[in-house]
Every structure is written in structure tokens, then in C-alpha cells.
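Colleague: I would like to learn how to read a model of this kind. Could you take me through it feature by feature?

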Amino acid sequence: MIPSSLLCRKLCILFSSAAMLLSIGCGGAGSTPGTVTAPIQAAITVTVAGPTTTQIGSTSQFTATVTNTTNTAVTWQVDGVTGGNTTAGTISSSGLYTAPLTLPSTTSVSISAVSQASPTVSGTVSDTLFGASMMTAARLLDQTSFGPTADAIQHVQSVGVSGYLTEQFAQPATLLAAIPTSPLPALCLANNTAYPCAESEWWQTAITGSDQLRQRVAFALSEMFVVSTQSIPGQAIPSYHNALATDAFSNFSTIMKDVTLSPAMGGYLNMLNSAKPTGSQIANENYSRELMQLFTLGLDALNQDGSVQLDGNGVPIPAYTQTQVQAFARAYTGWTLANTAGGAVTKFPNNSGDYSDPMVAVESKHDTTSKTLLDGTVLPGGQTAEQDLQAALTNIFNNSNVGPFVCTQLIQHLVTSAPSPAYISRVSAVFANNGNGTRGDMKAVITAILTDQEARAGDTNAEYNGGHLREPVLFITAMMRALGFTNTDGNGSYFSLSGQSAKLSEEPYRANSVFNFFPPNYVIPDSNLNAPEFDIENTATSVLQLSLADAIVNNKIGSFTVDLSNTSAMGKLAANPANLVDTLSMLFMHSQMPDTMRSTIINAITPLTSNAQRARVAIYLVITSSQYKIIH
Amino acid sequence: MRRRSFIKYASLAAAGNIAGLKPFGALNALAAGATDYKALVCVFLYGGNDANNMIVPFDNTGYATYQSIRGPLALGKTAPTGNNASDGYIQQIQSIPGFGLHSGLSDIATLINSDVAAPVVNVGNLTQPLTRTQYLANQLGSVPSNLFSHPDQQVEWQNAAASGATTTGWAGRISDAINGTYNGSATIPMVTSVAGDTLFCNGVRTTPVSVSPGNLGGASCSEGAECSARLAAAQSLITLSSGISLVTADDNITSNAYAYAATLTAATKSATALKTTFPANNGLAAQLQQIAQIINVRAALGVKRQIFFCGIGNFDTHSNQLVLQANLLGQIGPALAAFYQSTTEMGIANQVTAFTMSDFARTFQPNSNSGTDHAWGSHHFVIGGAVKGGAMYGAYPTLALGGPDDSGSNGRWVPSIGSVQYASTLAQWFGVPQNQLATVFPTITNFNTTDLGFI
């Protein structure tokens, strides 16, 4: 549904032409304005009717009413150009206006109908172009950013979905600063460890970065390619996160390569310093197994719609075997930390402490025997560590499981917990081929995910059954952004937010295991609902989140401040409870707050005499509601 | 409490293991705790604990075999020094002299020697009894799905090896079966998790109460006199119907959260604090302490049967195993000892049984990275006054790569005991009647023994 502020299809403004003031053409050349005294025939008039606003890329039907002539045919113009053009939009001979795909510099166009009987007589209306509806804009921001703000909603309304995506694709990555080992920066010196610095940088970037989509996708990727400072140094995080952010719009094969060679993943899943096995040992299987099981293929062979392939006995077909795990494990041997300048080394293991540069190979520690990989692909003996690695990653990347496995999880993180098989199929097809023959094009995949009919259905149907639980980190960033919290920490640290999210079982880059904070296949007990984030919501965290909401509206979040006083914007709005609640509905709920919820909150705050308290209580009731917690 | 347990307790106290509790206090507590009550406490070791370095042959021949294959990961029989001081070592178990226990678990050794704890060896997920030969013959129908995968093997331990995906765990199914029999007047569910949501806790009709250790109370409110109005409005929002499935699901959880928080707050408000000291800076100990505090108010909660879930992670020791595992076991030993002590303080040591579970054991053959990889059959502990302690249950695997117990050639033991048998033994002690056993454990009928006799 298009909001009333932008569109009113029922109440159409009739803009009558100037023909009433003129008397044209009946008597021929002798007629001049104001001098005609006895027209033989009433003057021709043209009146145009139609919508006052049109969304870019969509159409509006205009009609012309021509009076006082039997020839009612008209010629349609946009901004005075017959048939219009691609900049201002085109219009058909029957008055069907097609808005341009992107907003022109002037967002208002004039639609005119010119009488064919009397070409000097025309009717004109003004049509304002807009990018997206309020609901679309705010929902898109819930899917593509760390939380909508009033400004961002307005911006997306104006530039539209594809305009916003194009802008965001062009935004360069905000990079997390490297963390020196000694001395540690002031903000993590107190903890005497680097991870608080990494988390502070991460929060700040998520909340304030202008590359919101890139960071949001990087966050999703960080929950798929999981590393954790519970067992790797905080210094490893900035370069890892920066790689995910930089690669977010590249190719999935690039992400695989950069993750594989990162010291963060190397340290976390032990490809770092994994040497070729001697006679009495086996190669470390950790990265080999999890790269396939968790990051790219999953356990079972998949169809392109994400469903599991079964054998003749109805048993799932494994995506790989234990023997293949051991073969890949040998292919990944021989990698260690680069020297402090990022260069090659001969020492193995090399503990230079350089967690900023990709790992480097020491050939003498690489297993050079041949390996048989997926689909019978054989890596011949005698290859270098780099050759084996590249071939192994290519072997996995080209497996048909990667599209449905990876796209399903990206959809779950960005849009909905339980996408339909058809939705997964459509996105998997784009993963397989972006239209130009390229596999793994992340921009194309992300565009397909966000513009799919299933992602956008909720724009016009507030009760569309889908969405996903707002995980604790996204809850906190959304609060910071929407309510306008500002940082007051002496060192500019955002780390206090980790203390808040950790209570709810989530802390950036600090998961308990490689299985992330929650698994993609989690099913809510006593239901058949696949809803990953629900794995970390239970009766204990539910209460803790209520307490967090109380702290948020009462300005009790350490290192941050927010103004919700009587004189704040929210406080002033609270003078009229309905206005306040409608603003909160826009800011937090895509203007889709159910009527019953709206009236409950209005009734709850109206008796309060303090506008500040009205604001606090109303915000609390909105942000603790299940309607808000489920991004839908 | 049986006299034998009292002596055990007294000897622990004499050894300085119990702080601040005199024997007469224990007797009083014993009298007070004599009502019908039993609790099972699951301690899940996430990541796959390398049990091969937890219980090790101590006789010369057995140890030599262990040492030769384990190579750089072999633990010594004496405390290491210098750079290796944090690696741990093997200490002989007095009551099971052929075996030694990791030094991080010396408190558990004390409990074994006091006959209130027992190791159960080479337990793992099975759908039916299985030999190496059968496994290698690739009899797929008889092998649990997705062996060596963490999440799958965790799930199979928790649902008691109903191979493949199920939506219930065995604690939840026990609750489905007997909650009505025992907990008719209970104000909270039979199952409590202090380590988040897990499959173990969920039944067809059962969802657990979750507790965040140290946060038993309700949500905070800073709105003074308006708090009750705010609460009323928030609770009224929960009741509004929605066409969004996840909104409804979230409403259900929130609604339970309000109810359980109120119940637990009321029950614990006037409770006497436990005197048992739990180790500080020990996440598992904090969870077990929270469990003890809830058990302590069992009468106010109206529960006669409770199952608890707690856990500790980072056992996935693919590298640097010696230091990592020694640190983790060094947390488990003191935490479980303190918990046992708290049950003696409450006078219900015979009525509370703790036990371990873990994804799987790890390859007996070390990898080239000072670590081990995912394997299968593993060793576990059961602890409590009801345990027939001081003995080892099950057949310790033959430590030979490619040997009779190896599923392949890297020392991934084919279990000799199914995790479902381990579970069903505990369940029968807990009160699941024979005629419900197959309902709770659908695969138990594939095994000859449903009770391993350790309790």
C-alpha cells in the first residue's frame, strides 16, 4: 500500500486547461483573446485525470475528457514532449504513463493531453515521482541496514529500491582499524586484550557507517564463515572483517579464497600451521570438513530449491565422504603466518604475529601426494600448496550445492527464516549464472534476494507470513540508529554494547563455536517453524531483553546517551499520543503497526502526565513487542 | 541418605573438601530432604571431548601401547614441568587401579574413590549394536547418520540416537511421559536449561524453562509507579493475535518468560542460601550453582522430578590439545565436585545424579597439528550418591589403529554401548516405568540391555 502522504488514487485532482479563458479556432484568424463576443460553438476543453504520484519504474493511467467536439482524440505529452522520453518517463497513445527507472533531477513531471481537433487546446496535470513507498523503504532498510532511521527512510522513498541498491553497491567499505599488539589502544588496554577494540570498531562501523548494505552483508557472511575471538587474537578480526566487507559485492569464489587464507580463519579452524602428516599422523581435518559442511555445501546433496536429494531408499545422499575430508585436509597443508611485512617465510610454524596479511605457504610442509576430491576430480601429485589450494577451492565452488546452500542462508540473514523452495530456486539460478555467464556474482545474488517478490510481499501486505527474529546485535544497532544515541565514552569506545548483547547470547566475532550464535536449520520446539535466531531466544533471554529495553528508554546504556526528555523530538510528539505512536510505527514498524496494538499503546500512555514518560513507555512497548522483534 | 554416603561425605569433609558445613548440619538437611525428589543433571561437553586422554590405561603394557600411538599427545604419569607445566598428566584411580584419570579431574577421582562416581566407557551414538566388521561392510541402515559432524552427533546424543532429525530430546520426552505422575502441582516445567535452548530439553508437550545463571528475577523497570501499568500494557500486547507465525511464537516465549520469572522470583525470595562454595571464574560452576539454588527451592516450586541441562564448550581440540583440554577439564572437576557437595549439603546426594555427554570422542591417532579430529565412541562420568561408584562400566576399547574397535584406521572407536542405553539407565532410575521406556527411547528395543547397572 502506498502511503497517503505520497499517493491518493481515489481523490484525483482535476486540472482543467486554460481553454475556458480562450476562444480559439472557431472563427479563424480574426479572433483575438477577449474580443470574441458570439462564438458559434462552445470552446473545446481538455481535462486530464489521473494519480498525483507515480513510483519510478511503474505506470499510471491518465484519462482525458474532451468537450465540445466530436473528435475527442488527444495526443499525450510528458513535460511537453509527445510520447515523453526515458528521462521524464514515456506515455502511450492511450495515456498510460511509464515512469523512468531512476528519479530525474526534477521529480515532478507534467502530463498533458493535447486535443487533436484543436492542437492549441490541452489539459495538464502534475505528477510527482517517488522511489518507493514508506513501507517499502522502511522494510528494505530493515533488510539491508543496521536499522532504519527517519532520514534513511525518506531517502529510500525518494530514490527507490534499485536506486538505493545501486548507491549502496557503490559505497566503498568502511575499514576497521588494525589493532597494534603493543601498546594496545587505550580502549582495550583496560581489558589487556585486543578483542574489545575489534568489537568497538565493529559496532561503530555498523551503527555509523554509510556502507550499510555492505556491512550488513559482511555481518551475514561473518555468521556463515564464523571465526571467534574466544580462540583467536582480537588483532585477527579487523583484516578478516575488512575482507568480508570488501568482498561482499564481489564473487563468492573470492570470499572463499580470502577467508581460507586469512590468519583469522587459519587460526580458528587450524589450517594455520597444518603440516603435511608424517607416517604416524593424519592431516588436520578441521578446516577441510567445516569449509564443506558449514560454509559451502552442507551435509547432503541439494536440489537447486534447497531440498535434500534422496537415494532410492529415501536416504539423503551425502555431499561428501570422510575420505574426501581427508583428501582436502592434505590439500590444505603447508600454510603459516607471513612475515611482518606480509612476505613469504621459510620457517614453519611461523609465529610472527602478523594477523593482518594472508597466510603464506612453506612448500616443504605441504603434502604433495595426489588427492581425489569431489566429483572424482584428482589433484595430481607434486603440485604446490597454492596450486592445490586453488584447485581444491575451485572444485568446491563449482559444486552445485553451493548456490542453494549459501543463498538460503543469505536469505535467512537478510529477509526471511523460511524462504519458499521457489524463492531459493530463483536466487540459486542467479548464483549459477548472473545473466552474463558468471557464477557466484554476489551483487546479482543480493539484488535477486532483495528484489524477489517474496522479499517485497510484506511491503503491501503487513500480514504476509514471513520474516525473522531480530537477533540481539541487530536489536541494539537498530535502537542506537533510530533513537539517535550518541557516544560519550572518553576513548570513543563502543564496547559497552557488547556487554549488552552478550547477555542475550550474541557478541560480534565472539561466538561460542564455529556453528555461529544459532544454526540455520533451527526449528522452534513444538512447531515446524524453521527460525534460526530463535535458538538464542528463550524464557531467560526474553526477560533480559525486556530489561535491556528498559535501560534503553531510560538512557542507562553505558558510554551512550539519548535525549527522550520533554523537550526532545519524541517528548514534543508525545503531547499528542496518536502522533507519537504513528511516528514510532513509521520508525520501527514500517508504518504497519496493527490497529489493536496502536490503540493499546495510545491508551497506555494517554493517562501519563509527563511527555517524556509517555515517550519512554510508548517506545518500550513498541520495541519489546513481538510485532517489532520479528522483522517482517 | 544411606550410611555409606554419609561416610563418604564425612571423609570428603575431613579431607577439607567441604567448607562451612558440620556433620550435624548435614544430618538435619538429610532429614529435611527425605521427600520424594529426584534430579538428573546433564553436563554437555561441546565440541567433542578427547576422552582418550581423559581415562588412560595405567598398567605398564596398556600405558606403553597408549604412549606409542598417541606420540606427542601422550600424557605422562607425573606432573610435567617447565614449558609443559599446563599440559596435565595421568593420575592412577585408586579404586580402578588399571586406569588413570586426567589430572584436571582429580576431584572426580576422589568421588570415584568415594564410590559416588563412575566412568562409563566407549559410549556413543548407535541405532543398534554394531561391530567394526558390520560398519565396514557399509550396512547403512544400522549406522547413525552424519557421523563425525558436530551438530548431528550432538543432536543424536540429545535425542538418544533416533538417527536423523527429530524434534524432541530425551529429557523432553521423559517429561512428556511422567510429568503428570510426579509434578502435578509444579509451577515450572520439569526441564530447566541454564545453557540456552537445546534439543535435549524439548518434548512433544514439553518446553523447558531457561534460566540465565545469576538472573533469576523478572525484568527491571525504571518507571516507578507506572511500572505495573507498563507491564499490563506489554502483557496485553502479547495476547493480540497475529497472522505472522513467528510473532505468535515469540509471544508464546515471552508469555512463558513472564510467568516463570514471577514463579522463580517468588520461590527464591525467602530461600536460605547454600553454603557450598563454588569455584570462581568458572562458567560451568556458575551454571551448576544456579541449578543447586533451584533444587534448593524445589518444595516451593512443587517439583518432585527435575532434569537440568548445562554445558561447557571449546572441546574441539584440533590443535594445541594438551593445554586446551587440561584447562577445560580443570574447570569441570572442581565444578562437579562443588555441585556434588551442594547436594550433600541439601541432604539429597542420593537423589541427584549428574552425568556428562559430548558430541563424540576424538581420533586416537594424533594429527600433524598437535591435535585430534572427530571420532565416535567416548568415555563419560555419572556422579551422585545413587551411583554404584568406584567401578568402571563398559569395555575399554582396544587401543590399536585398525584394531577390533576402530571404525577405520585412525582410532575412531565403534561404541560398545549406545548413548541410548546410557540414557535409558538414567531414565529408569529417575522414574520412567518399563512400559514407557520404548516410547521415550524408540531405539532401545534394538539393544539387549536397557540398564547398564551403574545406578
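Predicted model: local features only at pLDDT ≥ 70, side-chain atom pairs only at ≥ 80, totals over all residues.

Colleague: Over how many bridges do strand 4 and strand 10 of chain A pair?

Modeller: Strand 4 of chain A pairs with strand 10 (residues 96-98) of chain A over 3 bridges, in the antiparallel sense.

Colleague: Now chain B. What joins strand 3 of chain B to strand 4 of chain B?

Modeller: A hairpin, through 2 residues. Strand 3 (residues 90-93) and strand 4 of chain B pair in the antiparallel sense over 4 bridges, and B:Gln92 stands opposite B:Gly100 in strand 4. Strand 4 (residues 96-102) of chain B also pairs with strand 2 (residues 55-57) of chain B, antiparallel over 3 bridges. In that pairing B:Ile55 stands opposite B:Leu101.

Colleague: How do I read two helices that pack together?

Modeller: Two packed helices are described by the angle between their axes and the distance between the axes. Take helix 1 (residues 134-144) and helix 15 (residues 453-460) of chain A: the angle is about 135° and the axes are 8 Å apart. The two helices are therefore oblique to each other, and the crossing is right-handed.

Colleague: Which residues of helix 1 and helix 15 of chain A meet?

Modeller: From helix 1 of chain A, A:Met135, A:Thr136, A:Arg139 and A:Gln143 meet A:Ala455, A:Arg456, A:Gly458, A:Asp459 and A:Thr460 of helix 15. By class, this contact has 2 nonpolar, 4 polar and 3 charged residues.

Colleague: At what angle do helix 5 and helix 6 of chain A pack?

Modeller: Helix 5 (residues 212-222) and helix 6 (residues 236-247) of chain A pack at about 120°, with axes 8 Å apart. They are therefore oblique to each other, and helix 5 passes helix 6 in a right-handed crossing. Among the residues of helix 5 in this contact are A:Ala218 and A:Leu221, while helix 6 gives A:His241, A:Leu244 and A:Ala245. The classes here are 4 nonpolar, 3 polar and 1 charged.

Colleague: How many residues of helix 10 of chain A are buried?

Modeller: Of the 10 residues of helix 10 (residues 322-331) of chain A, 8 are buried, so the helix is largely enclosed by the rest of the structure. The buried residues include A:Val325, A:Phe328 and A:Arg330. Their cover includes helix 9, strand 15 (371-372), strand 16 (378-379) and helix 11 (385-397) of chain A.

Colleague: Last, the interface. How many residues of chain A are in contact with chain B?

Modeller: The size of an interface is often given as the accessible area lost when the parts come together. Here we have residue counts: 71 residues of chain A are in contact with 62 residues of chain B. Helix 18 of chain A gives the largest share of the chain A side, 9 residues. By class, that side has 29 nonpolar, 33 polar and 9 charged residues.

Conventions:
Residues numbered from 1 in each chain as written. Chains lettered and ligands numbered in written order. Pairing = 2+ DSSP bridges. Contact = placed C-beta atoms within 7 Å. Nonpolar A, V, L, I, M, F, W, Y, C, P; charged D, E, K, R; others polar. Axes fitted to C-alpha atoms, helices over the stretch in contact; angles between N-to-C directions. Parallel < 35°, antiparallel > 145°, perpendicular 65-115°, else oblique. Left-handed = near helix turned anticlockwise from the far one by under 90°. Buried ≥ 20, exposed ≤ 12 C-beta atoms within 10 Å, placed from the backbone.
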